[in-house]
Amino acid sequence: NATKIKEDTPFKNPEDKRKYAEVSDLKDKANALFKSNELAKASEKYYEIINTVRTTQWFKGSNQGETLEKSCRLNLALCKIKLKEYDVAIDQCERVLLDEPQNLKALFRISVALDSQTKPLEAWTYIKRAHGIDSKDKDISVLFTKVQTLRDGIMEERNKQKQGNKAQKHDKQKGEFSQIWSPMGIWSLSD
């Protein structure tokens with residue numbers, strides 16, 4: 001599944017073509033490391049590719065550069081989820097979503113990372129969007145249901161707390177009111 005240089009890729013000079021081939025080869029190595037579960041090494045390679053894309057003039061303005069960077073950020077996010085480095089995974093997904101707000105992989109992976117951090121309200125924001133895009137995807141549907149259940153439980157608990165707080169406030173006000181009027185005999189029993 002090697003990354004190939006398209007014949008119609010417009011290179012302005014041989015150095016750009018060499019750099020593209022180098023980065024494509026590096027991505028193939030990173031993917032192989034990922035598949036062999038060498039996630040830390042794969043992450044290093046993905047970082048290296050992202051850095052090269054961001055610092056090489058030809059990549060900066062090209063569709064190939066944007067696609068390569070996005071792909072590496074998503075792969076890096078997956079590595080970081082598996083390494084339980086959720087904040088890094090979230091950051092990488094957010095970067096992808098800045099340019100492509102409906103990117104399904106980014107929405108799903110950020111949801112997984114947030115859910116893994118026990119942040120169902122935040123995860124809900126993203127998994128709801130992913131589910132809206134592809135409600136037939138099994139993994140998305142499973143996470144959607146899980147996060148929705150957790151979110152509903154939190155919201156129910158918050159509502160109970162609000163109701164409890166309202167009842168406490170009412171009882172407190174009633175007590176204060178009775179203290180004000182009690183000395184005047186309004187609240188005492190009639191003989």
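Throughout these legends, a residue is buried when its relative accessible area is under 20%, exposed when over 50% and partly exposed in between (1.4 Å probe, protein chains only). The model is predicted, so local features need pLDDT of at least 70 and side-chain atom pairs count only at pLDDT 80 or more, while totals for chains, interfaces and linings use all residues. Residues are numbered from 1 along each chain as its sequence is written, and side-chain values use heavy atoms, with hydrogens and water left out.

**View 1. The whole chain, for orientation.** The protein chain has eight helices and zero strands, where helices (H or I, at least four residues) and strands (E, at least two) are DSSP runs numbered from the N terminus. Of its 191 residues, 33% are buried. Taking contacts (heavy atoms within 4.5 Å) between residues at least 6 apart in sequence, 51% join residues at least 24 apart.

**View 2. Helix H1 and its buried residues.** H1 covers residues 14-35, and its 22 residues reach 32 Å from first C-alpha to last, close to the 32 Å expected at 1.5 Å a residue; the expected span is 1.5 Å times one less than the number of residues. Look here for the buried residues Asp16, Tyr20, Val23, Ser24, Leu26, Lys27, Asp28, Ala30 and Leu33. They pack against helix H2 (39-55), helix H3 (57-60) and helix H4 (63-82). After the helix comes Asn37, with a positive phi near 65 degrees.

**View 3. H1 against H2.** The two helices pack at an angle of about 160 degrees with axes 8 Å apart; axes are lines fitted to C-alpha atoms, for helices over the stretch in contact, and angles run from 0 to 180 degrees between N-to-C directions. H1 and H2 are therefore roughly antiparallel, a label for angles over 145 degrees, with under 35 counting as roughly parallel, 65 to 115 as roughly perpendicular and the rest as oblique. Their crossing is left-handed, meaning that the near helix is turned anticlockwise from the far one by less than a right angle. On the H1 side the contact includes Val23, Leu26 and Phe34, and on the H2 side Leu39, Tyr46 and Ile49. Also in H1 is Asp25, which counts as partly exposed at 38% relative accessibility. Asp25 and Ile49 are 24 residues apart in sequence and 10.0 Å apart in space, C-alpha to C-alpha.

**View 4. H4 beside H6.** Here the packing angle is about 20 degrees and the axes are 10 Å apart, so H4 and H6 are roughly parallel to each other. H4 passes H6 in a left-handed crossing. Leu74, Asn75, Leu78 and Ile81 of H4 meet Lys105, Ala106, Arg109, Val112 and Ala113 of H6. Asn75 counts as buried because its relative accessibility is 18%. Setting aside residues up to four places away in sequence, Asn75 touches Lys27, Asn31, Tyr46 and Arg109.

**View 5. The nonpolar cores.** A nonpolar core is a set of buried Ala, Val, Leu, Ile, Met, Phe, Trp, Tyr and Cys residues joined through side-chain atoms within 4.5 Å. The largest has 24 residues, and Ile110 and Ile127 have the most contacts inside it. Two or more residues come from each of H4, helix H5 (86-99), helix H6 (104-116), helix H7 (120-133) and helix H8 (138-181). A second, separate core of 17 residues includes Tyr20, Trp58, Cys72 and Leu76. Beyond its neighbours within four places in sequence, Ile127 is in contact with Phe108, Ser111, Ile140, Leu143, Phe144 and Val147.
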